[in-house]
Amino acid sequence: MAVLRLTFTKNKRDKLAQVLWILNWISVLTGILLFSLGLFLKVEINKREELMAERHIQSVPNMLIAVGLIACAINSLGGKICYDCVDTNKFLRWKLIMLPYIICTFFFTFCVLVGALMCYSMRGALEESLNLGLTEAIKFYKDTDIPGRCFLKRTVDMLQMEFHCCGNDGYQDWFQIQWISNRYLDMSQKEVVDRLRSNVEGKYLMSGVPFSCCNLNSPRPCIQQHVTNNSAHFNYEHQTEALNLWTRGCRQALLEHYTRITRSIGLTVLLTWLFELSVLTGVRYLQTSLENVLRQGDLDSESDGWLLENSFMETARANLNIIKCLGKSNQIDTANNGDPNINVPSTSKAHYGPDNVPLKEIPEAS
């Protein structure tokens, strides 16, 4: 029994072909949209690639770019096919192509769905990439005189000021690293020397943060040195001075920023998938209804169209049998090393002697 069988008159078939022609060209525009969204996401990621570790996060924008380009090509061909299908006679030139086209388009729509799901599942990989990348960037913040790292100080400062964040997880991260280069430490001061000697790794650690961590909304001048020492400042309590420094970590800030982008893109791609699926459904109805009217021989008569000629179970069972048959034939070819004559019984019933002469032909001794 056919799945979702519908009956089409000639007028309905012609209108369906015309509507699908328009929808296919709209789908070309959605392909351009997918390409643009992938390109936009790629640019946004590349803006802060210095703050990210390589964790295959570029696979999502690359997937969207590829899907967008394929959508333009497939739907352009679909528009041409549907335009010619308005004339039943022109359908004959596409008859053998339409079924492979529908199969390819089905797998393409599946890729669109995968792209949408990848947008929603990107958060985990992005968080790990940001965690490792920010940790390295903060670690080399002081290396302004080393090629390949000299840009990190400016990058981190701009990030903290733009996103109103401080450190990786919070401003306390700056207490665990030396973020001031030894070039700017006065080694003649006993306090500096003692602090360096007190650290096992010889690092100059202090409870201070860079200027970019300062909250511009703070009612008092920014306190960035001796942050945890209440006695070092007048009328100061570091546990209650929430407005003095940005308390949110930059990883969380960037993660929220990219999550908003990927969720918006994911929703757009998901809607595009639904639209592409509806167009594919219409093309399938058009194909089956035109093939049936050709079988009837009367091009002006009514014809049935369907999504599947048999039920889901019957179709799945038939495809499974085809796969099994292909697997068995492949096993036979492998076992015989590709020689079809091996294990083929001989048509002759003669028995051969040691000299490869049939026994019945050996003359008897007189």
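C165 and C250 form a disulfide, with their sulfur atoms 2.1 Å apart. A disulfide here is a pair of cysteine sulfur atoms within 2.5 Å. C165 lies in the loop between α6 (152-163) and α7 (190-198), and C250 in helix α8 (residues 250-296), so the bond ties together parts 85 residues apart in sequence. C165 is buried at 0% relative accessibility. C250 is buried too, at 1%. Buried means under 20% relative accessible area, exposed over 50%, and partly exposed in between (1.4 Å probe, protein chains only).

This is a predicted model: local features need pLDDT of at least 70, side-chain atom pairs count only at pLDDT 80 or more, and totals for chains, interfaces and linings use all residues. Residues are numbered from 1 along each chain as its sequence is written, and side-chain values use heavy atoms, leaving out hydrogens and water.

The count comes to three disulfides.

| Pair | S to S distance | S-S torsion |
|---|---|---|
| C165 and C250 | 2.1 Å | about 90° |
| C166 and C213 | 2.0 Å | 85° |
| C214 and C222 | 1.9 Å | about -80° |

The link of C166 and C213 is right-handed. C166 sits in the loop between α6 and α7 and C213 in the loop between α7 and α8, so this pair ties together parts 47 residues apart in sequence. The torsion of C214 and C222 makes that disulfide left-handed. C214 is buried at 12%, while C222 is partly exposed at 31%.

C82 is another cysteine. Its sulfur is 6.0 Å from the closest cysteine sulfur, in C85, too far for a bond.

Technical notes: Helix = DSSP H or I, 4+ residues; strand = E, 2+ residues; numbered from the N terminus.
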